[in-house]
Amino acid sequence: MSPSGLATPASDKAIEKDTLKRIQASVRDDLANVSTEISAAIVHEAPLVAEIGHHLMAMRGKMFRPTLVLLCSATENRPEPQRVTLAAAVELIHLATLVHDDAVDHSVLRRGMPTLNTLFTHQISVIMGDFLYSVALSRLVGLGDIAALRALTRASTEMTVGEMRQLAVNDSLSFTEDDYYALIKSKTASLMSAACEVGSIAGASKHREALIRYGEALGMAFQIADDLIDYTEEQETTGKPTGLDLKEHKVTLPLIAALRVMTPAERGKVNTLFANADPSDRDVSEVIRIVTMNGGLEYAREKGAGFASEARDALKSLPDTVARQALLESISYVMERHA
């Protein structure tokens, strides 16, 4: 703790890690099997693919989406054997989206480590993303589960269309709140919802609709929290510079909300930043200050809390199991991470 009694960034990270450990405790062995299956899938006999696969395994994240698959499959204490393969397929699709996103955005770092397009080439990154998608689909085909295949291919399509819609925006500052919600529903919530759906298929089929709703609301809250992080965190804790979205001229909910109440002078500073292909850190910091002073962060937090409430409501009909409690705690984890 700091002298003021407030948690320091280091202690925040420790708390976040402990929370995730509790959430994953009941599925820890299954998660280890998921990692093994992913490794076997992507560490290919082709030397270059094997090298890239090893790098991806080293930079993989917190395995949150496969955790959702496993927890949803266990909400009635009747998880089925295919849950591990389904969880691995979800994570492979997630990895594919990250690789493609980094290639599209020409990102240098991901979770503090060099991206594939930094270590190799832009072309290799795109092809590796395609490879990850195809491996995930081959795993699903091997299961012969049409319902799970349908859910994850639908989510993959939605994510792709969402990315295309984002790239098609000509005037970023004309992006509306409704546009934003449609985008994050496609790019983030669709996969989380599908993860919960395939989890229900593997052990809790009668709660399928409730878990789909839970996953979508959780995904919406997750992305809003993620967009807030870009305005509040420093490079040491994110592995990327504060304000990267602004540097890349991406309009997210805090800015959308603040634009509605800015003075003409403040709006002029935002316009200047978005007109500059390479805005300075000073310009980015000034826009972050303007957004904060105009209530953009508070508005986004309020909307995120609304989606979190929807996620909690979706779980009310589920039996009181260890898995349900972990799903509930996942909502708090999503909202409070890096806070």
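Colleague: Is cysteine 196 buried or exposed?
Modeller: This is a predicted model, where local features need pLDDT of at least 70, side-chain atom pairs count only at pLDDT 80 or more, and totals for chains, interfaces and linings use all residues. Residues are numbered from 1 along each chain as its sequence is written, and side-chain values use heavy atoms, without hydrogens or water. Buried means under 20% relative accessible area, exposed over 50%, and partly exposed in between, using a 1.4 Å probe and protein chains only. Because its relative accessibility is 0%, cysteine 196 counts as buried.

Colleague: How many disulfides does a search of the whole structure find?
Modeller: A disulfide is a pair of cysteine sulfur atoms within 2.5 Å. Searching the whole structure, the number of disulfides found is 0.

Colleague: Then how far from cysteine 72 is the nearest cysteine sulfur?
Modeller: Cysteine 72 is in no disulfide, and with 0% relative accessibility it counts as buried. Its nearest cysteine sulfur belongs to cysteine 196, at a distance of 3.7 Å.

Colleague: How much space lies in the largest cavity?
Modeller: A cavity is a set of points on a 1 Å grid over the protein atoms alone where a 1.4 Å probe fits but cannot get out. The structure holds 1 cavity of 30 Å³ or more. The space in the largest cavity is about 80 Å³.

Colleague: Which helix gives the most to the lining of the largest cavity?
Modeller: Lining residues have an atom within 4 Å of a point, and here they include Leu56, Leu95 and Asp102. Helices are DSSP runs (H or I, at least four residues) numbered from the N terminus, and H3 (47-59), H5 (83-105) and H6 (116-119) each supply at least two lining residues. With 4 residues, the helix giving the most is H5.

Methods: 1 Å grid on protein atoms, 1.4 Å probe; cavity = no way out; pocket = protein on both sides within 12 Å on 5 of 7 lines; lining within 4 Å. Points joined across faces, edges and corners; volume = space filled by probe spheres on them.
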